[in-house]
Amino acid sequence: MPSDDPEDAPFDPPRLLALLAGLGIEARTFQHEPVRTVSEARVATRHVPGCHCKNLFLEDRKGTAWLVVLPAERILDLRVLAEALGTRRLSFANAPSLQEALGLAPGSVSPFGVVNDGAGKVRVVLDRDLLARPALKFHPLANTSTTVITPGDLLRFLEATGHPPMLVDLE
């Protein structure tokens, strides 16, 4: 039987932003029209300083879910990534898998989604280059806004949610 306890419900943007504040993470959020692609997000947030990021929700042959985060301009070879992760054949997960694992719809994927993965099944992979950027831009669980945080605060958030990231060089 489903619980009526709001604490058991998937996070939404206001609850996520409250969690970030509770963790002492400074987050600036900017509202905009819905965007589904990195190109659309660049246009919608061109006035917002920070690194545009690609967030790829992938699965391997064994069914392991991977959330891969890298600078938007970086081209990623899935075969090379699979080798770096010690797995075989990565492919893009479908929308139902994304919804089940992170409570997100396509176009809203970001590392903030792991807040809805209480079981810690999703493995997070960050391109090491992101750590050198002054600020990073992500959707706060919905593609109608963008939240900016520092790389250090992203790491703190991932640790606090039980998703310590694997750092890789994706060049």
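Me: Leaving aside neighbours within four places in sequence, what is Leu67 in contact with?
Reply: In this predicted model, Leu67 touches Asn55, Leu56, Phe57, Val109, Ser110, Pro111, Val114, Val122, Arg123, Val124 and Val125.

Me: Where is Leu67 found?
Reply: Leu67 is in strand β3, which spans residues 65-71.

Me: Buried or exposed, that Leu67?
Reply: Buried: the relative accessible area of Leu67 is 0%.

Me: And how far apart are the C-alpha atoms of Leu67 and Leu56?
Reply: They are separated by 5.6 Å, with the two residues 11 apart along the chain.

Me: Which residue does Leu67 stand opposite in β5?
Reply: That's Val124. The two strands, β3 and β5, pair in the parallel sense, over four bridges.

Me: Which strand do three bridges join to β5?
Reply: Strand β8, residues 166-168, and those two run parallel. Leu126 has Leu167 in β8 as its bridge partner.

Me: How many of the five residues of β5 are buried?
Reply: Four of the five, so β5 is mostly covered.

Me: OK, switching to aromatics. How many aromatic pairs does a search of the whole structure find?
Reply: Two. One of them is Phe112 with Phe138: the ring centres are 5.9 Å apart and the planes sit at 80°, so that pair is edge-to-face.

Me: Where do Phe112 and Phe138 lie?
Reply: Phe112 is in the loop between α4 (95-102) and β5 (123-127), while Phe138 belongs to strand β6 (residues 136-138). That means the pair ties together parts 26 residues apart in sequence.

Me: What are the relative accessible areas there?
Reply: Phe112 comes out at 0% and is buried. Phe138 is buried too, with 1%.

Me: And what geometry do Phe112 and Phe157 have as an aromatic pair?
Reply: Edge-to-face, with 5.3 Å centre to centre and 80° between the planes. Phe157 lies in helix α5 (residues 151-160) and Phe112 in the loop between α4 and β5, so this pair ties together parts that are 45 residues apart in sequence.

Me: Is Phe157 buried or exposed?
Reply: Phe157 is buried, at 0% relative accessible area. Together, Phe112, Phe138 and Phe157 form one aromatic cluster.

Me: What about just after α5, which residue takes a positive phi?
Reply: Gly162, at about 75°.

Me: Which counts as buried and which as exposed?
Reply: Arg89 counts as exposed, with 51% relative accessibility. Leu141, at 10%, counts as buried.

Me: Last topic, confidence. What pLDDT does the chain average?
Reply: The average is 93, and 95% of the residues score at least 70.

Me: Where is the pLDDT below 50?
Reply: Over residues 1-5. Beyond near neighbours in sequence, that stretch has one contact in the model.

Key:
Residues numbered from 1 in each chain as written. Predicted model: local features only at pLDDT ≥ 70, side-chain atom pairs only at ≥ 80, totals over all residues. Heavy atoms only, no water. Phe/Tyr/Trp six-rings, centres within 6.5 Å; stacked < 30°, edge-to-face > 60°. Buried < 20%, exposed > 50% of the residue type's maximum accessible area, 1.4 Å probe, protein only. pLDDT = per-residue confidence, 0-100. Contact = heavy atoms within 4.5 Å. Pairing = 2+ DSSP bridges.
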